[in-house]
Amino acid sequence: MRNKLTPSRIRQPSEKPVQILYDSKPSVPDRLSIGQPHTESVEERLVSPVHLNVPETTEPVEEGLVASVRSEPVEECLVASVRSEPVEEQPPKIINYNPDVLTCLANLSNDEVFTPPELVNQMLAMLPAELWQNSEAKFLDPVTKSGVFLREIAKRLNAGLAEQIPDLQTRLNHIFTQQLFGLAITELTSLLARRSVYCAKKANSAYSICTAFKSEQGNILFSRIEHTWHNGKCTYCGASQEVYARDEALETHAYQFIHTDQPAYLFGKDMKFDVIIGNPPYQLSTDGFGGQAKPIYHLFVEQAKKLNPHYLIMITPARWFAGGMGLNDFRANMIADKRIRHITDIHQAADCFPGVEIKGGVCYFLWDAQHSGNCEIQSIVAGQKQTPVTRSLNKYDIFVRHNEAIPILEKVLNQQEPNLSEIVSGVQPFGLPSTFKDFKNEQFNDAVKIYARNCQGWVERAKITLRTDWIDKYKVLVSEGYNGGDSYPHQIIGKPIIADKGSCCTMTYIAAGFFDSREEAENLDAYLKTKFVRFMIFLRKNTQHTNSERFKFVPYLSMSITWTDQKLYKKYGLTTEEIAFIESMIRPMELADE
């Protein structure tokens, strides 16, 4: 099967909402009450959305579940879902419409983000249309939260298999029991997902639209899994025993899909899936300083590949493009994988996850087992789709996300000059952590000036344990962390500091270079402030952290020259269009608020 990779068109505000139905019949009268028995037929229940107006049952609905699926008042959610014109032009009363509450879910956290239905359908649109007519195809969501992936797949299969399996109930039983499989990430999300997909929290209840299940879980499974501890860390996910060794009242966050050596047997037998799709948890908290977090989304991608599906689609943070904490090997494997056929790169996460900030943005990709070649890159910047470009992912040691940057980068790299990372320090230039406080506010005999977080002071020379030969040099310091948001133009790094001889710093800063003369330090300071240099850093920097790796694309030029953007643009032969792109992305350093 050949895959058409044109993403589905994003619905404009003036258009009517996509009807969130298994069937295309008009929706039944709106009823917002919960807890009363249903009387409609299975056809009517398929027409009715399974949220807010969930199939009324005599089963009690857990308060926590109801609270989880309402992030705003029902009335507000209704109006937001159905209006396509200004509010004052709407009829005073809305009837015969059931909104999709999955568009209104409040996210549990930035780590476990619910996927909006519109985004799910853009991801599903990358799959070949004939797949929905294949009654043998099997689909797995290994990280089910709201059940929206399985629900939207079910709708497509229900339409695609209508001619092959004309009887609606027979068709639904086949789809739910033979084609759709999910692993919930918590007990709560398992209940929510079953409500979304089966229209009942118990798959085998009288209220389920699938009449063939024998168990309450159906094919959406959840089992509490414990971590496997070794030397204080989980051998599967690396979670800290101190943080995640919990009693039964708390979630362990030991996700089933990645806490097993045999993921194919999670459903009781060796399973082969045609499509694996989902939105995995992004990170786990650690016991490190400052609330550090350990990424885990890559573990789900790697586990899914082991199952050898035909297609793999996942949405993840885009931080892996440049590597980082625990992601360097994953990045190397991904950019070398010729089976990645398409990447949609969304620079601001809020464009697809409203109200969520994920530094560096997010991306979703299509991995096709039968593809071997270049990858189509579709960038979305500030909500606007850029012209897609097909190119190799592994031309460089990282993935360069901006297609427009490639010709600029090529002109620079073709000069074959050394790069600035060769003289940039590590993350602890002088062996002093950012928490170091053992210094005085007043100068004393043989004291060394220290630059620390939001302050300066004086420290004994004997307390400095690393790069002591740098102390009596002129240095240019750059803040290790700079968070200027994900909008453009961006400053990229904090304002450099020229540190005189007899100085050092804590981990709050990195040292971008050291010199015998102040003139050279001043020239490096000016160089770092140019838009050109900060653009080259930007290509490797998609989080707030700055380290020596970020400087690998920056040429290491002679600091006997005072460099300006005009000199650099001329040196590398940049065109008017290329200069305009750099200046659209990087704002002047002196305009930044510090």
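T530 sits in the loop between helices α12 (518-529) and α13 (531-538). The model you are looking at is a predicted one, so keep that in mind as we walk through a few of its parts.

**A loop residue and its contacts**

Is T530 buried or exposed? With a relative accessibility of 5%, T530 falls under the 20% limit and therefore counts as buried. Leaving aside residues up to four places away in sequence, T530 touches W563, T564, D565 and L568.

Next comes strand β17, which covers residues 474-479. Six of its six residues are buried, so the rest of the structure largely encloses this strand. Both faces are covered: Y474, V476 and V478 lie buried on one side, while K475, L477 and S479 are buried on the other.

Which strands pair with β17? One is β20 (residues 509-515), joined in the antiparallel sense over six bridges; here Y474 stands opposite F515. Another is β18 (residues 497-499), which also runs antiparallel to β17 and is joined to β17 by three bridges. In that pairing, L477 faces I497.

| Strand pair | Sense | Bridges |
|---|---|---|
| β17 and β20 | antiparallel | six bridges |
| β17 and β18 | antiparallel | three bridges |
| β15 and β16 | antiparallel | six bridges |

**An open sheet of three strands**

Strands β16, β15 and β19 form an open sheet in the order β16-β15-β19, with mixed pairing. From one strand to the next, the twist averages 35 degrees. Within this sheet, β15 (residues 447-452) runs antiparallel to β16, and A447 has E460 in β16 as its bridge partner.

**Helix α7**

Finally, helix α7 (residues 187-198) has 12 residues. How far does α7 reach from its first C-alpha to its last? The span is 16 Å, close to the 16 Å expected at 1.5 Å a residue. Of the 12 residues in α7, 10 are buried, so the helix is largely enclosed by the rest of the structure. The buried residues include T189, L191, L192, R194, R195 and Y198.

Methods: Residues numbered from 1 in each chain as written. Predicted model: local features only at pLDDT ≥ 70, side-chain atom pairs only at ≥ 80, totals over all residues. Heavy atoms only, no water. Buried < 20%, exposed > 50% of the residue type's maximum accessible area, 1.4 Å probe, protein only. Helix = DSSP H or I, 4+ residues; strand = E, 2+ residues; numbered from the N terminus. Pairing = 2+ DSSP bridges. Axes fitted to C-alpha atoms, helices over the stretch in contact; angles between N-to-C directions. Expected span 1.5 Å × (residues − 1). Contact = heavy atoms within 4.5 Å.
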